[in-house]
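Open the model in a viewer and keep the sequence panel beside it. The stops below say what to select next and what is there.

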Amino acid sequence: MYKRQINDKVLFIPKERVLVNYALKNNRKHNVIKLRKTVSRLLYLLLNNFEEDYVSADYILYEVWDSYGLSSSEQALRRSINRVNTILREMDVDENAILKVDRRGYKINNDKKIFPCILCELYAKCKAL
């Protein structure tokens, strides 16, 4: 699973289902947030497809819920999208990180500057200490 960096300050580690904001002051907000499994799978799927025009809602429902034997629904998808947006807002990634695309699906707002993480090795070494 590829780690991703968002906006030069937030690191997403899918294997651990963790978002880390290494730019926040400790006393201001949460620096580390553990994600639920479905929310983590949703974010991972969208981040890996951030260059696409959108990811269809049907594909998201299948990949995040159905393929894991869970019951999927549009309502569950909307709740999870809202949860991801809320968490990213708490991590100082601005509002509306995930956008709805005209009843077709969802996409990551490309203004968020998503790219592979260059600090992943550093994080792994610090965690081992």
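Two strands count as paired if DSSP finds at least two bridges between them. Helices (H or I, at least four residues) and strands (E, at least two) are DSSP runs, numbered from the N terminus.

The model is predicted: local features need pLDDT of at least 70, side-chain atom pairs count only at pLDDT 80 or more, and totals for chains, interfaces and linings use all residues. Residues are numbered from 1 along each chain as its sequence is written, and side-chain values use heavy atoms, with hydrogens and water left out.

**Whole chain**

Colour by secondary structure to begin. The chain has four helices and eight strands, and along the sequence they follow the pattern β-β-β-β-α-β-α-α-β-β-β-α. Next, colour by accessibility, where buried means under 20% relative accessible area, exposed over 50%, and partly exposed in between (1.4 Å probe, protein chains only). Of the 129 residues, 42% count as buried. The chain exposes about 8000 Å², and carbon and sulfur atoms supply 46% of that area; accessible areas come from the Shrake-Rupley method with a 1.4 Å probe, and for residues only the protein chains shown count as cover. For contacts, the cut-off is heavy atoms within 4.5 Å. Among contacts in the chain with a separation of 6 or more, residues 24 or more positions apart account for 53%.

Select residues 55–56, 98–101 and 105–108, which are strands E5, E6 and E7. These three strands form an open sheet in the order E5-E7-E6, with antiparallel pairing. E5 and E6 stand at the edges with a single partner strand each, so one side of each has no neighbour in the sheet. Helix H1 packs on this sheet and touches E5, E6 and E7; the direction of H1 makes about 75° with that of E7. Axes here are lines fitted to C-alpha atoms, for helices over the stretch in contact, and angles run from 0 to 180 degrees between N-to-C directions.

How many bridges join E5 and E7? The two strands pair over two bridges, and serine 56 has glycine 105 in E7 as its bridge partner. E6 and E7 pair over four bridges. On that side, lysine 100 has tyrosine 106 as its bridge partner in E7, and valine 101 stands opposite glycine 105.

Move to the hairpin of E6 and E7, which has three residues between the strands. Select aspartate 102 in this loop. Its phi is positive, about 25°, although aspartate 102 is not a glycine. Is aspartate 102 buried or exposed? At 64% relative accessibility, it counts as exposed.

Then select arginine 17, in the loop between strand E2 (10–13) and strand E3 (18–21). Arginine 17 also has a positive phi, near 55°, and is a residue other than glycine. With 25% relative accessibility, arginine 17 counts as partly exposed.

**Helices H1 and H3**

Two packed helices are described by the angle between their axes and the distance between the axes. Select residues 37–48 (H1) and 74–90 (H3): they pack at an angle of about 80°, with axes 10 Å apart. H1 and H3 are therefore roughly perpendicular; angles under 35 degrees count as roughly parallel, over 145 as roughly antiparallel, 65 to 115 as roughly perpendicular and the rest as oblique.

Show side chains at the contact. From H1, Thr38, Val39, Leu42, Leu43 and Leu46 meet Leu77, Ser80, Ile81, Arg83, Val84 and Ile87 of H3. These residues divide into eight nonpolar, two polar and one charged. In this scheme Ala, Val, Leu, Ile, Met, Phe, Trp, Tyr, Cys and Pro are nonpolar, Asp, Glu, Lys and Arg are charged, and the others, Gly among them, are polar.

**Two buried asparagines**

Stay on H3 and select asparagine 85. At 7% relative accessibility, asparagine 85 counts as buried. Which residues does it touch, not counting those up to four places away in sequence? Asparagine 85 touches Asn96, Ala97 and Ile98. The C-alpha atoms of asparagine 85 and leucine 43 are separated by 9.8 Å, with the two residues 42 apart along the chain.

Finish at asparagine 109, in the loop between E7 and strand E8 (114–116). Asparagine 109 counts as buried at 15% relative accessibility. Leaving aside neighbours within four places in sequence, asparagine 109 is in contact with Asn96, Ala97 and Leu99.
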